[in-house]
Every structure is written in structure tokens, then in C-alpha cells.
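Dear colleague,

I am handing over the structure below, followed by an account of what was found in it. Please read the account with the structure open beside you.

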Amino acid sequence: MSAAPKPEILAAFEAAKGFMPLGEGLALYAAAAEAAALGLPLLEVGTYCGRSTILLADAARQAGVSALTVDHHRGSEEQQPGWDYHDPETVDPVVGRMDTLPTFRRTLHAAGLEDHVIALVGRSPQVAAVWGGPLGLVFIDGGHTDEHATADYEGWAPHLAEGGLLLIHDVFPVKIDEWTGQAPYRVYLRALESGAFTEVSATESLRVLRRTGTGI
Ligand SMILES: C[S@@+](CC[C@H](N)C(=O)[O-])C[C@H]1O[C@@H](n2cnc3c(N)ncnc32)[C@H](O)[C@@H]1O
């Protein structure tokens with residue numbers, strides 16, 4: 001049976017600002033719990049306000065491994081003022097730009113998970129370039145342009161240990177609307193075509209792949 005979060009973790013997840021629906025969240029949790037058994041850190045690209053981080057962090061806590069989450073906290077293209085996914089509450093009035101870091105910290109505090117998450121604040125490719133260790137899980141939910149999604153894949157997938165899980169969010173084989181890009185879908189196809197990954201599951205737009213080979 002798949003691992004599921006306790007009611008208090010689910011309540012914190014549902015109370016958090018963010019974009020992940022419940023069904024995908026449960027699939028993320030189950031995958032994180034499975035991958036955590038490898039005894040290696042779990043990494044998320046795209047923290048935003050910490051909604052999905054709660055699930056990753058709780059699964060990591062249960063297994064005694066670390067959860068890492070990477071974000072520059074300035075928002076993706078579609079989250080900027082004037083775009084469909086913009087939330088005015090995320091703008092720092094002093095700087096005049098988005099800053100989701102304070103809300104993220106409040107989210108983790110409310111969930112009691114501050115001690116179980118390492119927040120990496122920076123651009124994903126720059127962080128990946130200095131990261132040296134193996135990972136048990138990589139969850140790609142950062143920028144959704146081809147440039148960003150490809151850089152996330154190229155930067156982080158090589159750090160996945162054999163048997164580790166690669167999760168890709170917002171995989172849409174069919175274009176839904178002008179805001180819903182297909183870069184994550186193209187990255188998903190690329191991962192499968194590399195021969196280094198085998199598909200494990202699909203839940204709504206969340207794909208779970210297992211690293212079963214080399215040649216990423
Ligand atoms: C779709 S949101 C993440 C949603 C979050 N996982 C959730 O469950 O609510 C994407 C996030 O990726 C971040 N991001 C986009 N491009 C990035 C990059 N190149 N490096 C770091 N973070 C990036 C944005 O700042 C934004 O917070």
C-alpha cells in the first residue's frame with residue numbers, strides 16, 4: 001500500500017498557498033516515501049510558498065533523510081504582475097518584486113517542518129552546478145519555459161542515484177490553453193527517450209519515472 005500523509009500534514013498542505021492539487025499531492029507523497037527508503041536527500045525545484053514542500057518534507061522526516069528545495073523566490077514568468085497566475089500578496093512592497101520566501105517560511109512553520117527542510121535560494125542551474133551528492137528523488141516544478149525546464153532536467157537528473165525517482169509536474173501531452181506550456185511534457189519525453197528512465201506512474205499532470213540506467 002502507498003504511504004499517505006497524516007491528517008495534520010494534509011491540513012497544512014491544503015491551507016498552504018500554491019498550485020498542487022490534492023490528488024497529485026498524494027502521488028508526490030507516496031513517491032517521496034518510496035524514494036526516501038534509499039537513504040538519500042529528496043530535492044524539489046520550485047518551492048513557491050511551500051505547498052508541495054510540506055509533503056516532500058514530511059516523507060523525508062519519516063525516513064530520516066533531508067528535503068531540499070530550490071527557488072529564487074522571484075516567481076516564474078506566468079506568476080508576474082499582469083499574468084494569470086499572479087498573486088499580489090506575493091509582492092514585496094519595498095523591493096517591488098515578487099518574494100515568496102517569507103510565505104514559504106510561514107508555511108513550514110505552521111506545518112512544524114522547519115527543521116526538516118533545507119531551502120536553497122538561487123537559480124536552479126547555478127545551484128545544480130555546485131551540487132555534488134547523489135539524490136533519491138528530483139521533483140521538477142520550476143520554470144515552465146523550455147529554457148528553464150530543460151536546465152532543471154540537465155542540471156539535476158544526473159544527480160539521481162540508480163533506483164531514484166524523477167518527478168515532473170505539469171506534463172500536458174495536449175496543449176490546454178495559452179498559459180499552459182508543454183515544456184515539462186517535452187522534458188518527460190526526453191527523459192524516457194534517453195533510456196535512463198522507466199515510467200512508474202501518472203497522476204493527473206504528475207509523472208513519476210525511475211532511474212534505471214545511464215546516459216541522461
Ligand atoms: C509552479 S511554481 C512551484 C509550485 C510549488 N511546487 C507548489 O506546489 O505550489 C514554480 C516556482 O519555480 C520558481 N522558479 C522558476 N524558475 C526558476 C529557476 N530558474 N530557478 C529557481 N527557481 C525558479 C519560481 O520562482 C516559482 O516559485
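The lining of the largest pocket draws at least two residues from each of α3 (51–63), β2 (67–71), α5 (124–130) and α6 (146–156), where helices (H or I, at least four residues) and strands (E, at least two) are DSSP runs numbered from the N terminus. This is a predicted model, in which local features need pLDDT of at least 70 and side-chain atom pairs count only at pLDDT 80 or more, while totals for chains, interfaces and linings use all residues. Residues are numbered from 1 along each chain as its sequence is written, and side-chain values use heavy atoms, with hydrogens and water left out.

The volume of the largest pocket is about 980 Å³; a pocket here is an open set of points on a 1 Å grid over the protein atoms alone, where a 1.4 Å probe fits, with protein on both sides within 12 Å along at least five of seven lines, and lining residues have an atom within 4 Å of a point. A volume is the space filled by probe spheres set on the points, which are joined across faces, edges and corners. Of the 45 lining residues, Ser76, Glu78, Gly142, Gly143 and His144 are the closest to the centre of this pocket.

Turning to the strands, β6 and β7 run parallel and are joined by five bridges, two strands being paired if DSSP finds at least two bridges between them. Phe139 stands opposite Leu167 in β7, and seven of the nine residues of β7 are buried, that is, under 20% relative accessible area with a 1.4 Å probe, protein chains only.

Leu42, leaving aside neighbours within four places in sequence, has contacts (heavy atoms within 4.5 Å) that include Ala32, Leu56, Val65 and Leu137.

With best regards

How values were computed. Buried means under 20% relative accessible area, exposed over 50%, partly exposed in between (1.4 Å probe, protein chains only).
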